[in-house]
Amino acid sequence: VNLRINKRKFIYLISPNKITKKFFKNLNLIFKNRNIGFFQLRLKNYSLKKKVLIGNKVKKICKKNNVRLLVNDDPFLANKIKADGCHLGQKDMSITEAKKIVNNKIIGVPCHNSFALAKKAIKSGASYVAFGAFFPSQTKKTKYVANINILNKVRKFSKIPIVAIGGINSNNYKKLLLNNANLLAISGDIWKNKKYKPEKAIERFK
């Protein structure tokens with residue numbers, strides 16, 4: 001899929017690790033912020049039945065707010081809940097295999113800090129490539145560290161949308177937007193913010 005990114009909708013929001021009762025209400029409030037283009041559902045420790053239930057509920061909220069829904073690591077689940085696509089880890093199946101499951105939907109690939117991985121993903125038909133971590137993250141242990149150079153290098157090579165990920169918050173995000181990142185993946189700064197409720201934390205990204 002050739003992804004067209006609306007410049008204003010630069011936030012790629014990733015779900016919290018735990019889906020609580022409050023989560024759905026929070027999501028509705030957060031989506032009132034018009035900067036969110038994508039929402040990634042990352043469900044690590046749930047049964048398939050539960051994932052489908054959560055996924056269908058989230059799909060409705062995304063649809064209502066014109067936000068594209070992607071499922072982390074699981075093309076089968078993406079297909080089952082009719083999501084807009086999936087985000088495939090490097091250890092998951094190939095893009096070609098995933099395409100057979102999700103058909104002509106969005107397939108994004110994390111490339112850590114590697115230009116070689118990005119080239120491979122682009123040639124295989126990825127819809128976007130993601131790089132990071134740019135900053136220390138509270139959501140995941142940082143295995144790879146990326147910097148602005150990789151964004152500029154990929155931009156010279158291709159027009160593919162670029163997602164920046166890892167520790168992005170309202171104090172450091174602008175630098176990435178000014179350096180070829182089209183979308184900023186944000187999670188901890190919204191869901192684990194000690195100062196602001198989720199719907200207030202998201203407003204700090206202008």
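**Pockets and aromatic pairs**

Student: How do the residues lining the second largest pocket divide into nonpolar, polar and charged?

Tutor: The model is predicted: local features need pLDDT of at least 70 and side-chain atom pairs pLDDT 80 or more, while totals for chains, interfaces and linings use all residues. Residues are numbered from 1 along each chain as its sequence is written, and side-chain values use heavy atoms, without hydrogens or water. A pocket is an open set of 1 Å grid points over the protein atoms alone where a 1.4 Å probe fits, with protein on both sides within 12 Å along at least five of seven lines, and its lining residues have an atom within 4 Å of a point. With Ala, Val, Leu, Ile, Met, Phe, Trp, Tyr, Cys and Pro as nonpolar, Asp, Glu, Lys and Arg as charged and the others, including Gly, as polar, the lining of the second largest pocket has seven nonpolar, eight polar and six charged residues.

Student: Which element supplies the largest share of the lining of the second largest pocket?

Tutor: Thr20, Lys22, Asn26, Trp191 and Pro198 lie nearest the centre of this pocket, which 21 residues line. Helices (DSSP H or I, at least four residues) and strands (E, at least two) are numbered from the N terminus; α1 (21-30), α8 and α9 (198-201) each give at least two lining residues. The largest share, five residues, comes from α1.

Student: Which element gives the most residues to the lining of the largest pocket?

Tutor: The largest pocket holds about 880 Å³ of space. Among its 36 lining residues, Pro110, His112, Lys140, Lys141 and Ile165 are closest to the centre. Two or more residues come from each of β6 (128-132), β8 (183-186) and α8 (188-191), and the most, three, come from β6.

Student: Why is the pair of Phe23 and Phe39 classed as it is?

Tutor: Rings of Phe, Tyr and Trp (its six-membered ring) pair if their centres lie within 6.5 Å; planes under 30 degrees apart are stacked, over 60 edge-to-face, and the rest tilted. This rule gives nine aromatic pairs. The ring centres of Phe23 and Phe39 are 6.3 Å apart and their planes at 35°, so the pair is tilted.

Student: Is Phe157 buried, partly exposed or exposed?

Tutor: Phe157 forms an edge-to-face pair with Phe115, at 5.6 Å centre to centre and 80° between the planes. Buried means under 20% relative accessible area, exposed over 50%, and partly exposed in between (1.4 Å probe, protein chains only). At 19%, Phe115 counts as buried; at 36%, Phe157 counts as partly exposed.

Terms used: Grid points are joined across faces, edges and corners, and a volume is the space filled by probe spheres set on the points.
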